[in-house]
Amino acid sequence: MNICVTGSTGMVGNNLVRHLLAVHGQDIKIKCLYRPKTFKHPQIFENLPVELVPGDMNDQSSLARLMEGCSEAYNVAGLVGFNDSVRREDFYNVNVLGSLNFARAAAQTGTIRRIVQISSATNIPYDHGTAVKPVPTLWRDYNRTKNLGEHLASEECRKEGIEIVTVSPTGVIGRYDWKCATSISKTIQYLSKGKFPIFPKDGGYDFVGAMDIARVCERAMAIGKPNTNYLVASGRLEIPQLLDMILKASSGRKPLVYAPSKFVLALGYMKDFVQKYVFPLNNYFPMMKLFGRETVMFLREDRRYDASQTTRELGVEFENVETVFQRQLEWMKKVNLIK
Ligand SMILES: NC(=O)c1ccc[n+]([C@@H]2O[C@H](COP(=O)([O-])OP(=O)(O)OC[C@H]3O[C@@H](n4cnc5c(N)ncnc54)[C@H](OP(=O)(O)O)[C@@H]3O)[C@@H](O)[C@H]2O)c1
């Protein structure tokens with residue numbers, strides 16, 4: 001059996017490839033889409049017997065090459081970030097058009113009967129189970145484009161008569177973020193270097209291990225109900241807890257400004273104003289991309305998710321988030337991503 005995966009150079013996709021290889025062993029061939037232009041970390045696929053297919057989510061012919069001979073397809077590729085850290089058109093091209101292109105290419109193979117699409121828990125009302133409804137935070141480009149991509153891909157699958165199952169994770173933590181592309185890995189890196197000048201004292205978010213997401217994806221492909229959105233969430237990590245664990249695992253020191261989130265929010269508004277109208281701080285201080293009104297508001301939202309339906313229906317239990325986070329820190333240290 002041939003399986004194809006997009007986004008496998010990223011944190012979730014890399015965990016998924018490792019999990020699929022562990023589950024299926026020699027019985028499968030995995031084809032992974034990668035972008036030669038951004039491929040700077042060959043360790044990503046070290047010791048992984050996969051076939052690499054060059055391409056891009058916006059290049060339909062490369063998706064067709066990726067899917068040739070496959071019977072299962074996972075679309076993990078996506079652009080994650082806050083409003084002023086990623087250009088709006090890039091969000092749109094990858095999260096919306098990319099997802100639509102993926103569904104279209106899968107339908108055209110004639111061999112793929114089901115796809116698994118990764119969306120985001122940010123689009124799921126946190127007190128309303130797993131129904132996908134517009135939520136107030138859709139003003140964020142990331143959420144809006146993930147939501148639209150998910151719906152267009154579903155619509156395309158419905159029209160073309162193939163099945164789609166969606167998997168929506170909360171904040172992702174875990175090993176194998178080789179590029180340190182995710183906000184959490186970047187935050188760990190900056191904090192471990194003692195370079196993060198500002199940090200809120202309160203707030204937090206619901207996280208889940210990337211390997212748990214991989215397990216849910218594999219089960220969703222095998223036994224998930226078509227047109228269902230499986231929420232993947234494990235537990236909440238509070239900011240002081242995160243900070244404490246990072247500082248213990250590294251040689252970092254507490255940020256200069258470690259203040260109540262209301263105060264940091266006010267600074268975030270100021271930073272966004274300066275970024276937009278005075279001086280492009282993000283271009284000169286990349287860590288500033290992680291800091292702004294949107295980030296702090298996000299951490300203050302007090303979102304809590306209940307993924308028990310996913311556990312019941314797919315039989316996947318989620319690992320404790322503290323254990324997963326500790327493992328992420330140890331792995332980052334081992335591969336020299338933090339000191
Ligand atoms: N991180 C989170 O907290 C989080 C939470 C909820 C949902 N998600 C979703 O999970 C998925 C994976 O995210 P992640 O955390 O693993 O992020 P990541 O580490 O940044 O990985 C993103 C992946 O998407 C690929 N990609 C981006 N643009 C592409 C394009 N134009 N063509 C082909 N591939 C492209 C990247 O390839 P390159 O290596 O070439 O850049 C990379 O493999 C995304 O769909 C994201 O929306 C993430």
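**A walk through the model**

Tyrosine 176 lies in the loop between strand E7 and helix H5 (183-192), where helices (H or I, at least four residues) and strands (E, at least two) are DSSP runs numbered from the N terminus. This is a predicted model, in which local features need pLDDT of at least 70 and side-chain atom pairs count only at pLDDT 80 or more, while totals for chains, interfaces and linings use all residues. Residues are numbered from 1 along each chain as its sequence is written.

Most residues other than glycine have a negative phi. Tyrosine 176, although not a glycine, has a positive phi of about 70°, and it counts as buried because it has 24 C-beta neighbours inside 10 Å; a residue is buried if 20 or more other C-beta atoms, placed from the backbone, lie within 10 Å of its own, exposed if 12 or fewer, and partly exposed in between. Asparagine 336, in the segment after helix H12 (321-334), also is not a glycine and has a positive phi of about 65°, but asparagine 336 is exposed, with 7 other C-beta atoms within 10 Å.

In helix H2 (residues 60-67), the residues Leu63, Leu66 and Met67 are buried. Seen down the axis of H2, its buried residues fall within an arc of 90°, so they line one face of the helix; the arc is that of the directions from the helix axis to the C-beta atoms. After H2 comes glycine 69, whose phi is positive, near 80°.
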